[in-house]
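Reader: I have this one open and would like to go through a few contacts. Can we start with charges and rings?

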Amino acid sequence: MNKTYCPSLTEYKRRLSREVKIGDLPMGGLNPIRVQSMTTVDTMDTLGSVEQTLRMVEAGCEYVRITAPSVKEAQNLLEIRKELRKRGCNVPLIADIHFTPNAAELAARIVEKVRVNPGNYADKKKFDVIDYTDASYAAEVERIRERFRPLVQICKQYGTAMRIGTNHGSLSDRILSRYGDTPLGMVESALEFLRLCEEENYYDVVLSMKASNTQVMVQAYRLLVQKLDEEGLQPYPLHLGVTEAGEAEDGRIKSAVGIGTLLEDGLGDTVRVSLTEAPEAEAPVARALIDRYTNRAAEAKPIRPLGEELGISNEQLVIENEATAAMPAPAFANSSLLITNSSLPIDPFQYHRRPTREVLNLGGQNVPRVMVDLSALDAVEYADLRAVGHLYSAFLDKFQMNDLGADYVYSGQRPVPFMLPNGLKEVVDYSAWLDAGQRPDHYPVLTHTEYAAPGARHPELNFVFQHLDSLTPASLGQLRADATAVIILYTDNAHAMPEIRRAFFELMNNGVTNPVIINRQYPALTPEQTQLYAATDVGGLLLDGLGDGVVLSTELLPARPKQEWLTTLDQLNQLSFGILQAARTRMSKTEYISCPSCGRTLFDLQETTAMIRKRTDHLKGVKIGIMGCIVNGPGEMADADYGYVGVGKGKIALYRGQEVIKKAVPEAQAVDQLIDLMREDGRWIEPVLLEEPVAG
């Protein structure tokens, strides 16, 4: 199968998409990547919607989406638009449509763009499995096409753009029955609608493949690009987003893992970060993700081209995309795509973890491990290990580990002066390991130069710093033969994630199965930037099955008080676990799949999410969906173990998986009844306070 999904795997090169006019602000082509968000006020509240839109624009939104669940809301978009224009605000408006073609057809005459979800536009989702013949399936597709055709014609007549926005959780029963709950099903759901658009010579289309599961989301966007090219369809702009990402740090990390991974490969023309927060809080996060790529091509150092590891010439790597060259005008020849053929050692459309040998508790079937860099601390004390998730109780004279307890600490030249708690292992510089008498409870880390020279080694585990250029034939051979070596892979290239990925390809194509810990250093960034950049760099690799651990560090920073260092270490430790969880490679805490609020929401999402989190955030590995309305209901939280869904004012439906268990529960009782449901299933445990007791 052709694995082409981006312009280049080794240099930053943005995919050249078709330009789409959205009001006076075009998207795609050579235009900047745009920022957008969605209002949360009731669409019938004209002034409230206007005021919130103005705040969103002030925060950086370039497009504003407003829900139109019925004809009356679609009609009121005209009043909102008039008031905005009267106030001098010309931001393009987008109508968000679910279930109601007549609302879409009206909105398309009023606003600059409409968003339709092919999973519920003239289609249905009752979680029925239907046994289609080819003929009956084709007939059903044709019925839906005829229901969709009037909207296409109206958009073409009025110069209105359209987003065909597939959501993983709201695929129709028809698509699920034919393709399953898969990225291919998501792509095909959109392509059925897109093919009709092209038949009608309507090309002002934007596409999205949103999911709460970052693995599925990234695979679907990649597959979409590959399918557009394969079918000779136009290279339409991409709207990037992780749906129901959640709130606070978790929501930002999850968004960066999904969105950032695609931006790294040059995909994406507009970004919406979906946080369970006020919409004006979303735009700065989207802008921070986008701005990282403004000067990426100029800042990046050249990466050894892929042809060397694929065993083919660079000339063979460059192909003309003949399908796009023959497009109807205006055509965009998406040329110079790098072939990523069957020699590519990963499948970009399906998750497979890189096979590795097991070294101690690293690699093999072990979950990815977390290492924390303590080397900047002058003297480590018992209480300091709280920053890495190991809590010392002086009263009990013992340690307790929380769910975010690090697996390894790196102490560099200053070994920790006391015995570490069970479950925590120490890594020291090779010279310190030699000077301390080669202690068996210390694991040395060697530079690639030290590793190449003969010398003493730990009998079980030795860490080795490597980067792409140090992976010479000699070093690859040495690693391949060493059953004790674990690689710590790093780079100082601004185009960091692709260079580390390129190094993984070198290992895989040379049969090196040693575990790899991904090391990223962020010497001069704000905590907010570090959070987004690390989630992108490490998360993007994990989504491709690459990496057996992570170590984040903030070297080269000026001297700071110890407490500031401990705060930073605590943040980096939590960030490491958060990235592993967002990439679905290590579940260490409760996961909340919570939608961003919108005009359809039937309760205060932020307040409710905070309340549910307070009661349940000790339930390791449990996934809870919190949805404001039935549109973002059981389908959107497809991954969740339990669901809390608004079904009316003050009324909540509770779900086990995708099955509704209790309907119309009064909101005041809903959290207690959710916990009772977990008790019935044996999933509830009482929270334990990990603090030392007060002596009486």
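Author: Lys113 lies over the face of Tyr63, at 6.0 Å from the ring centre. Bear in mind that this is a predicted model.

Reader: What about Arg178, which ring does its charged end sit over?

Author: The ring of Tyr137, with the charged end of Arg178 4.1 Å from the ring centre.

Reader: Back to Lys113. Are the residues of its strand, β4, buried or exposed?

Author: Strand β4 covers residues 113–116 and has both faces covered. Lys113 and Arg115 are buried on one side, and Val114 and Val116 are buried on the other.

Reader: How many bridges join β4 to β3?

Author: There are 4 bridges between β4 and β3 (residues 93–97), and the two strands run parallel. In that pairing Ala95 stands opposite Val114.

Reader: And which helix goes with β3 and β4 in the β-α-β unit?

Author: Helix α3, residues 101–107. The unit made by β3, α3 and β4 is right-handed.

Reader: How does β4 run relative to β5, parallel or antiparallel?

Author: Parallel, with 4 bridges joining β4 to β5, which spans residues 161–167. Lys113 stands opposite Ala161 of β5, and Lys113 is also the residue over the face of Tyr63.

Reader: Switching to aromatics. How many aromatic pairs are there?

Author: The count is 13 aromatic pairs. One of them is Tyr121 with Phe193: the ring centres are 6.3 Å apart and the planes stand at 80°, so this pair is edge-to-face.

Reader: Why say that the pair ties together parts apart in sequence?

Author: Because Tyr121 is in the loop between β4 and α4 (134–158), while Phe193 is in helix α6 (residues 183–199); the parts tied together are 72 residues apart in sequence. Tyr121 and Phe193 are both buried.

Reader: What geometry does the pair of Phe465 and Tyr490 have?

Author: Edge-to-face, at 6.1 Å centre to centre and 85° between the planes. Phe465 belongs to strand β17 (residues 462–466) and Tyr490 to the loop between β18 (485–489) and α17 (496–509), so the pair ties together parts 25 residues apart in sequence.

Reader: Why is Phe465 called partly exposed?

Author: Because its relative accessible area is 21%, and buried means under 20%. Tyr490, at 27% relative accessibility, is partly exposed as well.

Reader: Last one. Which residues do ring pairs link into a cluster?

Author: Tyr382, Tyr392, Phe399 and Phe418 are linked into a cluster by ring pairs.

Technical notes:
Residues are numbered from 1 along each chain as its sequence is written. This is a predicted model: local features need pLDDT of at least 70, side-chain atom pairs count only at pLDDT 80 or more; totals for chains, interfaces and linings use all residues. Side-chain values use heavy atoms; hydrogens and water are left out. Buried means under 20% relative accessible area, exposed over 50%, partly exposed in between (1.4 Å probe, protein chains only). Two strands pair if DSSP finds at least two bridges between them. A crossover is right-handed if, with the strands pointing away from the viewer, the path from the first strand over the helix to the second runs clockwise. Rings of Phe, Tyr and Trp (its six-membered ring) pair if their centres lie within 6.5 Å; planes under 30 degrees apart count as stacked, over 60 as edge-to-face and the rest as tilted. A charge sits over a ring if NZ of Lys or CZ of Arg is within 6 Å of the ring centre and within 35 degrees of the ring normal.
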